[in-house]
Amino acid sequence: MSRKLLIAGNWKMNGLLADGVALAKGVAGEVKALGKTDLEFLVCPPFTLLTSVKKALRGAKVALGAQDCHFAVKGAHTGDISPAMLKDVGCAYVILGHSERRADHKESSELINKKSVAAYEQGLKAIICIGETEAERDAGKTIDVCAKQILGSVPDNATAANTVIAYEPVWAIGTGKTPTSKDVQEVHAAIRKVLAKKLGKGNANKMRILYGGSVKPSNAKEFLSLEDVDGALIGGASLKVEDFLGIAKAVK
Ligand code: PGA
């Protein structure tokens, strides 16, 4: 089953206007220079940079995504951003249920499910994040935790066309620590099994499952060549053009 590798940058809460535009222009230039590849590129800047980054990416095959959205189309939700607004400024993707949002904003799987449905309704693709904490891993609960998060967060109408899963062990995010490639393959295969049960084998076999957590140019090939790993969700290393593209070049 061939699934197009997705190289996705999650900029998190980083970048003022000038830095964000410079980073986007750098990525756009390097992606153009790379020429034709089998890779799909995506950057997910903070809301404040979406419009300027969209402009800076003009002419390059790099998609735009956001890092969260509300489940309503519009209305009295001070401080929130709707999926319709994201679509309006040119987003194709939205990251939902990142562990930082699950932790900092107490987002439940039920809420992430609702947000995903709302994203689909605007034609956005949802990147639904799951992953265990260090304590859960030490207790041998990794696969159970991921299965539970998938069953709760992934809507019944998710398909390989509207959804990407990102497996990000919480303890590997921004720490420089990573699971072994054997562990990653095992968890991804287990995730695909759960997806098959929930959404049917056809969708599960076509759905991309990204690995995230301290991905960098030096370990990209190890993870991205695994059978059930279909790309990477990259935090820290997506903030430097040479690291982000270095990851792509490692697997090109
Ligand atoms: P990291 O973050 O690459 O900095 O570990 C990944 C993520 O949180 O998406």
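Leu6 stands opposite Gly231 in strand S8. The pairing belongs to a predicted model, in which local features need pLDDT of at least 70, side-chain atom pairs count only at pLDDT 80 or more, and totals for chains, interfaces and linings use all residues. Residues are numbered from 1 along each chain as its sequence is written, and side-chain values use heavy atoms, with hydrogens and water left out.

Strand S1, residues 6-10, pairs with S8 in the parallel sense over 4 bridges. Two strands are taken to pair if DSSP finds at least two bridges between them. Strands (E, at least two residues) and helices (H or I, at least four residues) are DSSP runs, numbered from the N terminus. On pairing in general, strands of a sheet are joined through backbone hydrogen bonds, either parallel or antiparallel.

S8 also has a partner in S7. Strand S7 (residues 208-212) and strand S8 (residues 231-234) pair in the parallel sense over 2 bridges, and Tyr211 stands opposite Ala232 in S8.

Buried denotes under 20% relative accessible area, exposed over 50%, and partly exposed in between, with a 1.4 Å probe and protein chains only.

The ligand is surrounded by 13 residues, the closest being Lys12, His98, Glu168, Gly174 and Ser214; a residue qualifies if one of its heavy atoms lies within 4 Å. A polar side-chain atom of Lys12 lies 2.7 Å from an oxygen atom of the ligand. Taken alone, the ligand exposes 280 Å², of which the protein buries 95%; accessible areas come from the Shrake-Rupley method with a 1.4 Å probe.

Leu199 is located in helix H8, residues 181-199. With a relative accessible area of 13%, Leu199 is buried. Its contacts (heavy atoms within 4.5 Å), leaving aside neighbours within four places in sequence, are with Val154, Pro155, Asp156, Ala158 and Met207. Leu199 and Leu224 are 25 residues apart in sequence and 24 Å apart in space, C-alpha to C-alpha.

Conventions: A polar contact is a pair of N or O atoms within 3.5 Å; within protein, one must be able to donate a hydrogen and the other to accept it, and residues adjacent in sequence count only if both atoms are side-chain atoms.
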